[in-house]
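This briefing sets out the fold, the confidence and selected side-chain features of one protein chain. Please read it alongside the sequence and the structure shown below.

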Amino acid sequence: MLFWRNITLFILAIVTHTGYAQTGVVHGTVTDEKGKALEQTSIIIIGTTKGTASTSNGAYSLKISANDSIGIAFSILGMETVKRTVFVKENEQLELNISMKAISIELDPNFEVIAERQRTTPMNRIEIKYIDALPTASGNFEGILFSEASVSSNNELSSQYSVRGGSFDENLIYVNDIQIFRPFLIRSGQQEGLSFINSDLVETVAFSAGGFEARFGDKMSSVLDITYKKPKEFAGSISGSLLGGAIHIEDGSKNHRFTQIHGIRYKTNKYVLNSLDVGGAYNPTFIDYQTYFTYDVTTDLEISFLGNIAQNKYSFVPETRQTDFGTINGGLRLTVFFDGQEVDAFTTYLGAFSAHYRPRHNLSLKLISSVFRSQEEETFDILGQYWLDELNRDLSSEDFGDVAFNRGVGSFLDHGRNELNALIYNIEHKGKYYEDNYTLLWGLKFQQERVDDKLSEWTMIDSAGYSIPQQPRNEVQLSEVYKADTSIVSERVMGYLQTNKEWELSDNSMAYLTAGSRFNYWTFNEQMVFSPRITLSWKPNWMQKKDSTKNKDFVFKAAWGFYHQPAFYREMRDLNGHINSDIKAQQSIHYVLGSDYQFTAWGDRQFKLTNEVYYKQLDNLIPYEIDNVRIRYYATNNSRGYAMGFETKIHGQFVKDIDSWASVGIMKIEEDIQDDFYIEYQDANGNKITPNIGGTANITDTVRYEPGYIPRPTDQRVNFGLFFQDYIPNHPNYKMHLNLLYGSGLPTGPPSFERYKDTLRIPPYRRVDIGFSFLLFSEKKKLQPNSPLKVFKSIWLSAEVFNLLQINNTISYLWIKDVTGRQYAVPNYLTSRRLNVKLVAKF
């Protein structure tokens, strides 16, 4: 009770914080020379400690004394300090917009200035102005990450991704300081629908693939930090394509105290799914609504609300499937006729309130509370009858490629009735205190989770009239049965303390230090973990040989830290659906070295080259297997491992005045499952014997083998991404956008849940998507006074070709076993070539 009473008094105190002297307000925006908003600019009344700081869109509002000349100073690292003297009358609202000039780095005015404080942290800024031009089959915002060297995605239908060998569940996502959660039961990209992030609402994006700060939460791989817009005026957009549509509107009050932004999206990937091998009646419908409000109660207090309602429905009535696989010397064809259907529904809700209070110009206090709810249902009854045929392989025959003879027939029946309800709510305090070269950050969070899970799945396989496994005639045995009814309630307490410091060294170079630690306590297993983290950056004062007045713009970074990941619900549930109450937090220790180099080439074109080398020491790992996007955990901390790799990315104007980038990552991740082994049986001569073939009488010796280190399911050794843009010379309104992805093959094997048997590799993922866009209209075009197009700022028309090279990428395998026990791996292919048309209008 005392805690909540103190919280109540804190809120009442800041809400009632007002002054009684005669005052006016100075407000406006702070930008750089290109008009880009500058966040966290310090705005101080000269001679006092009173002031404020600019928001993410550069806006500020400062209450000052009326009827007096007041001096105001605007300062931020990397920019020249600006001083202005103003005079306001009582209750006057004076608009004062400030443009700040960069210092220490001489850049072409076309080059976007990136503040040094952003380059010296582990968070890398992602350019989002080309998100509308990116050709992707999913249409999800996360597609812009897939060309990063550290990010792997082998499924164009999914927004989930792996970072430096981590699983999908090892990635943090924040929107305006609110942690975002995903549905739990999704097992394929077809079901997934819309991701949370609405690209129309996004202002800035920062991403770290490792070595990130203590202020970010408890995951082992990465953090994606999204900031939504705070609009200053009315605007919006409408877009539509063969895959769905979206509309968003935004507005800000004249005095900048109230802002609002709304977005509605509708998506149906039926058109793309019809290119899969499995034919049938696909009926996916995905829709969501998001909103973000902010209101300045006073010049020192801002309150905001972030809300989301999403309903993803997927129904499918399969009819037939025909898949050809194998080699030219041994081609096979699987033909399946289906009966039954699958109906899934995933409904999620998110509501988050926050209060942001600035009692002093250098002190920021936040109180955040959010609630997330997920209601998920998965039902299916699908009967399949299949024929496995061998194809004619005689190149001289007219029947080459046709069925030569049948190798077996069979059937299978899949049944599922799964239901999951999750409720997560939390309350959090965050604080920031900053001086000119020093920042202190802290936070404390309480979170409660309730998960109710009912699992009921079984599979029966019949081959040539024989049920597998073989059984007496009066019994029906199922090859896979999963049944569980679980309800879990638990609480977590988390917090962090972090400091940022910078120094100017004797040679005029700059050093930057970020150091801090997190803690996490979970009532479910009563485990407390601490995660210290540190980053050191150095910006040398190196001069160019050709021009001694200009610096070589290098930044070098090193990071080290502990990253504990306490289990969430999916990691706690084993292969049979049972909960391990002794589950512990997984642990990763990051070692990261990197460099950031900005330079000009080919005249005045600007480029940025980044390199990173890393090593991750992994312990208390929970082994898992992946099927499509479904992760099935073993729910035991019986593994240890490592990950290491090198990444490089070049970003710049390969074509003048338009950005492109390319990245390459080389990585290896392995683990040693401590209690896995296999027995080899030998006869008297030391020859290997298979008991069910050679019998047991001839066995004279047994040898136990421990596999040792084996690849993790996400061990993708080589990753390459390219986003390239071009336009017709002298006609920049006609553009081309190419998105190319390559990822080497992932480990796979028969469905035995014995990981050491996963010695095979899925073929490499190779995908090329291309788009052609044309600017139909811009606000620069002269129109008649009564033209309906006057309301629009721009209208773009795009034609996109997905999977341009018509490559059959494999996402997983369907394993078929005949009565003799011989298994066949039938590839499950992803989508084939499709043409899409898109129209985007902004107003």
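A residue counts as buried when its relative accessible area is under 20%. Both Glu302 and Lys230 meet that description, and the two residues are joined in a salt bridge whose closest N and O atoms are 3.0 Å apart. The model is predicted, and its chain contains six helices and 49 strands.

**Overall architecture**

- Of the 843 residues in the chain, 53% are buried.
- The accessible surface of the chain is about 38,000 Å², and carbon and sulfur atoms contribute 54% of that area.
- Among contacts with a separation of 6 or more, 67% are between residues 24 or more positions apart.

**Confidence**

- The average pLDDT of the chain is 85, and 90% of the residues score at least 70.

- Five strands form an open sheet in the order 9-14-15-12-13, with mixed pairing.
- Strand 9 (124-125) and strand 13 (178-179) are the edge strands, each pairing on one side only.
- Two bridges join strand 9 to strand 14 (residues 202-208) in the antiparallel sense.
- In this pairing, Asn124 stands opposite Phe207 of strand 14.

**Salt bridges**

- The chain has 34 salt bridges in total.
- One of them joins the side chains of Arg570 and Asp169, with an N to O distance of 2.6 Å.
- Arg570 belongs to helix 5 (residues 569-572) and Asp169 to the loop between strand 11 (162-163) and strand 12 (171-175), so this pair ties together parts that are 401 residues apart in sequence.
- Arg570 and Asp169 are both buried.
- The bridge between Glu302 and Lys230 has its closest N and O atoms 3.0 Å apart.
- This pair links distant parts of the chain, 72 residues apart: Glu302 is in strand 20 (residues 301-325), and Lys230 is in the loop between strand 15 (222-228) and strand 16 (235-241).
- In a further salt bridge, the closest N and O atoms of Lys608 and Asp596 are 3.2 Å apart.
- Lys608 is in strand 32 (residues 605-621) and Asp596 in strand 31 (residues 586-601), so the bridge ties together parts that are 12 residues apart in sequence.
- Asp596 counts as buried because its relative accessibility is 1%.
- Asp177, Lys366, Glu428 and Lys430 are connected in a network of salt bridges.

**A nonpolar surface patch**

- Phe234, Ile238, Ile247, Ile249, Ile264, Tyr266, Ile287 and Tyr289 make a nonpolar surface patch of about 700 Å².
- Strand 17 (244-252), strand 18 (258-267) and strand 19 (278-296) are the elements that give two or more residues to the patch.
- Ile249 is located in strand 17, and its relative accessible area of 36% makes this residue partly exposed.

- Ser411 is part of strand 23 (residues 403-434).
- Ser411 counts as buried because its relative accessibility is 18%.
- Apart from neighbours within four places in sequence, Ser411 is in contact with Gly384, Gln385, Tyr386, Met460, Ile461 and Asp462.

Terms used:
Residues numbered from 1 in each chain as written. Predicted model: local features only at pLDDT ≥ 70, side-chain atom pairs only at ≥ 80, totals over all residues. Heavy atoms only, no water. Patch = residues over 30% accessible without salt bridge, like charges linked within 9 Å, V, L, I, M, F, W, Y side chains within 5 Å. Areas by Shrake-Rupley, 256 points an atom, 1.4 Å probe, with all protein chains shown as cover. Salt bridge = Lys/Arg side-chain N within 4 Å of Asp/Glu carboxyl O. Helix = DSSP H or I, 4+ residues; strand = E, 2+ residues; numbered from the N terminus. Buried < 20%, exposed > 50% of the residue type's maximum accessible area, 1.4 Å probe, protein only. Contact = heavy atoms within 4.5 Å. Pairing = 2+ DSSP bridges. pLDDT = per-residue confidence, 0-100.
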